[in-house]
Amino acid sequence: MSFNTFGRVFRFTTWGESHGPALGATVDGCPPGIELDEAFIQQFLDRRKPGTSRFTTQRKEPDQVRILSGVFEGRTTGTPIQLMIENTDQRSKDYGDIAQAYRPGHADIAYQLKYGIRDYRGGGRSSARETAARVAAGGVAQAVLRDLLPDLQIIGYMVQMGTLHLDRSRFDAGQIGQNPFFLPDAAAVPEWESYLDGIRKAQNSVGAAIEVLVRHCPPGLGAPIYAKLDTDLAAAMMSINAVKGVEIGEGMGAAALTGTENADEIRMGNDGPRFLSNHAGGILGGISTGQDIVVRFSVKPTSSILTPRQTINSKGDEIDLITKGRHDPCVGIRAVPIAEAMAACVILDHLMLDRAQTGGNRGEIG
Ligand SMILES: C=C(O[C@@H]1CC(C(=O)O)=C[C@@H](OP(=O)(O)O)[C@H]1O)C(=O)O
């Protein structure tokens, strides 16, 4: 049993709080001989870090990663990799009111009911700041995948923010890194900007949905029943702060389909099976088929808002609470690079599990 560790073979443990001196991840099980340096990991952290636009928290953190162990002369050694990111812009006085009160919709009250003690500064361990640590771990996974599966692509993007939906007919992956929403549609950006400006100025926040596409994943990753690839992808996404729902492929939409509509028909291609559709989201029986893997999840609206909300304090008094501080009006935006990191960790973990069990040998057709 472990409370802060993720993965089976490629494993990471995150540690730290939002207003402590630092946070980080200890990565265990990384193969030796992989080219790795801080700059490689930093590119992923830079996509997630706060304060990069008016649509995220205004807390300014460089999120500069340091590798303290497990890398020698630019290559992994197979020993634990300790990654550390210092906190530099804490403003704990914003949290004076939260010390004795529980934000509605926030983990404050659940932590209190469970532990009877909590680091309320910046939400402590429940802060989405923890995700910096796992994005760093995901950077290590990405370095290994670059070596072992060079064709693999992990692409995250927003598909919904409040009432706005991505128009899939306009999908352009090249646009994702070009706007503050990780949106694959440049033309929609002004509408998304004015919508979120309105939410922010109304002292409110809004939810979002994110999709992650894993392209060129080999078939055969995952195992039936208790080691399904989709189980682990779902758990990975659900472990991200504020995530409330996860779907694979058609997801909840499959409930409305008939068998003829849902089953992805199969033809013989030049080098293996060719599927005529992808309702399954690239996974059948918990095992990847070689099709694109499609994972989607919803993120609740940020619970820390300036609009007064009814709650109670630690004495049990009923009060109205305004949450000060520097909060994301849509915490779902920065969930995009976080989800990519989690997907990288799961795919690598399953690649290593598969090699352990099958040696990477595949069943043959034809
Ligand atoms: C700092 C980050 O996001 C933080 C996530 C967060 C929360 O409650 O989740 C609250 C804010 O932190 P604080 O109030 O401690 O300044 C955000 O800025 C980050 O993601 O790096």
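Is R48 buried or exposed? At 2% relative accessibility, R48 is buried (buried, under 20% relative accessible area; exposed, over 50%; partly exposed, in between; 1.4 Å probe, protein chains only). The model is predicted: local features require pLDDT of at least 70, side-chain atom pairs count only at pLDDT 80 or more, and totals for chains, interfaces and linings use all residues. Residues are numbered from 1 along each chain as its sequence is written, and side-chain values use heavy atoms, with hydrogens and water left out.

R48 and R54 are listed by UniProt under "binding site", in an unreviewed entry. Such positions are given in the numbering used here, feature names are shortened, and annotations may be inferred rather than shown by experiment. Of these residues, R48 is included in the lining of the largest cavity. A cavity is a set of points, on a 1 Å grid over the protein atoms alone, where a 1.4 Å probe fits but cannot get out; lining residues have an atom within 4 Å of a point.

R48 lies in helix α1, residues 38-48. Helices (H or I, at least four residues) and strands (E, at least two) are DSSP runs, numbered from the N terminus. Leaving aside residues up to four places away in sequence, R48 touches D63, A128, R129, T131, A132, V135, R334, P337 and I338. Contact here means heavy atoms within 4.5 Å. The side chains of R48 and D63 are joined by a polar contact of 2.8 Å. A polar contact is a pair of N or O atoms within 3.5 Å; within protein, one must be able to donate a hydrogen and the other to accept it, and residues adjacent in sequence count only if both atoms are side-chain atoms.

R54 sits in the loop between α1 and β4 (65-67). Its relative accessible area is 42%, so R54 is partly exposed. Beyond residues up to four places away in sequence, R54 touches E193, D197 and R200. With D197, R54 makes a side-chain to side-chain polar contact of 2.8 Å.

Aromatic rings were examined next. Rings of Phe, Tyr and Trp (its six-membered ring) pair if their centres lie within 6.5 Å; planes under 30 degrees apart count as stacked, over 60 as edge-to-face and the rest as tilted. Six aromatic pairs are counted by this rule. The ring centres of F40 and F44 are 5.4 Å apart and their planes meet at 70°, so this pair is edge-to-face. F40 and F44 are four residues apart in helix α1, and therefore separated by about one helical turn. Both are buried: F40 has 13% relative accessibility, and F44 has 18%.

Y111 and Y115 also form an edge-to-face pair, at 5.8 Å centre to centre and 75° between the planes. Both lie in helix α2 (residues 108-115), four residues apart, about one turn of the helix. Y111 is partly exposed, at 25% relative accessible area. Y115, at 52%, is exposed. Elsewhere, ring pairs link F55, F181 and W192 into a cluster.

Zero disulfides are found in a search of the whole structure (a disulfide being a pair of cysteine sulfur atoms within 2.5 Å). For C30, which is in no disulfide, the nearest cysteine sulfur is that of C345, 10 Å away. C217 is likewise in no disulfide; its nearest cysteine sulfur, that of C345, lies 14 Å away. C30 is buried, with a relative accessible area of 3%. C217 is also buried, at 3%.

Technical notes
On a 1 Å grid over the protein atoms alone, a cavity is a set of points where a 1.4 Å probe fits but cannot get out, and a pocket is an open set with protein on both sides within 12 Å along at least five of seven lines; lining residues have an atom within 4 Å of a point.
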